[in-house]
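Subject: Handing over the structure

Dear colleague,

I am passing on the structure below, and after it I set out what was found in it, going from one part to the next. Please keep the structure open while you read.

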Amino acid sequence: VVAPGGHMVSKLPCDSYIAMTYPEARVVGNYYLMSGTSQAAAVVSGVAALMLQADPSLTNDDLKCRLMKEARIARDPYDQMAYTLFQQGAGLIDVASAVYSTETG
């Protein structure tokens, strides 16, 4: 699945390794614009936590199944896939749909 995270601005200590290695990523003060994969991982973890809060009996397979089943494929104006399956996987994570899904497997 794909989750929001790319090109997000985040707070980072100015003397940290990342900040010092990539000074061009600094936006202003101690805010930096990076690729966002660590941000996206936190979003997916948060969705999984919400899913488990709604249904503590979910297995790892159920979590994955619901995340993938409820994801939305990005489409272009001609209703074709905007990106390949290798680029977007099952699609953009849909929080509400995943949390309230009843899919299993």
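R26 is found in strand β2, where strands (E, at least two residues) and helices (H or I, at least four residues) are DSSP runs, numbered from the N terminus. The model is a predicted one, in which local features need pLDDT of at least 70 and side-chain atom pairs count only at pLDDT 80 or more, while totals for chains, interfaces and linings use all residues. Residues are numbered from 1 along each chain as its sequence is written, and side-chain values use heavy atoms, with hydrogens and water left out.

To stay with R26, this residue is partly exposed, with a relative accessible area of 47%; here buried means under 20% relative accessible area, exposed means over 50%, and partly exposed is in between, with a 1.4 Å probe and protein chains only. Leaving aside residues up to four places away in sequence, R26 touches Y31 and Y32, a contact being heavy atoms within 4.5 Å.

The largest nonpolar core has 10 residues in all, namely A3, A40, V47, M51, L58, L63, L67, I93, A98 and V99, where a nonpolar core is a set of buried Ala, Val, Leu, Ile, Met, Phe, Trp, Tyr and Cys residues joined through side-chain atoms within 4.5 Å. The elements that give two or more residues to this core are α2, α3 and α5, and the largest share, three residues, comes from α2.

Within helix α3 (residues 60-70), the residues D62, L63, C65, R66 and L67 are buried, and what covers the buried residues of this helix includes α2 (37-54) and α5 (95-100). L67 touches V1, V44, V47, M51, I93 and A98, not counting residues up to four places away in sequence.

As for the cysteines, C65 counts as buried at 19% relative accessibility, whereas C14 is partly exposed, with a relative accessible area of 42%. With a disulfide taken as a pair of cysteine sulfur atoms within 2.5 Å, the count comes to zero disulfides.

A search of the whole structure finds two salt bridges, each being a side-chain nitrogen of Lys or Arg within 4 Å of a carboxyl oxygen of Asp or Glu. In one of them the side chains of R72 and D94 meet (3.8 Å, N to O). R72 lies in the loop between α3 and α4 (85-88) and D94 in the loop between α4 and α5, so the pair ties together parts that are 22 residues apart in sequence. R72 is partly exposed, with a relative accessible area of 46%, while D94 is buried, at 17%.

The side chains of D79 and R75 also meet in a salt bridge (3.7 Å, N to O). R75 is partly exposed, with a relative accessible area of 47%, and D79 counts as exposed at 52%. D79 has its place in the loop between α3 and α4, and its phi is near 65°, a positive value in a residue other than glycine.

The loop between α3 and α4 also contains I73, which counts as partly exposed at 27% relative accessibility. I73 and A90 are 17 residues apart in sequence and 6.5 Å apart in space, C-alpha to C-alpha. Not counting residues up to four places away in sequence, I73 touches M81, L85, Q88, G89, A90 and G91.

With kind regards
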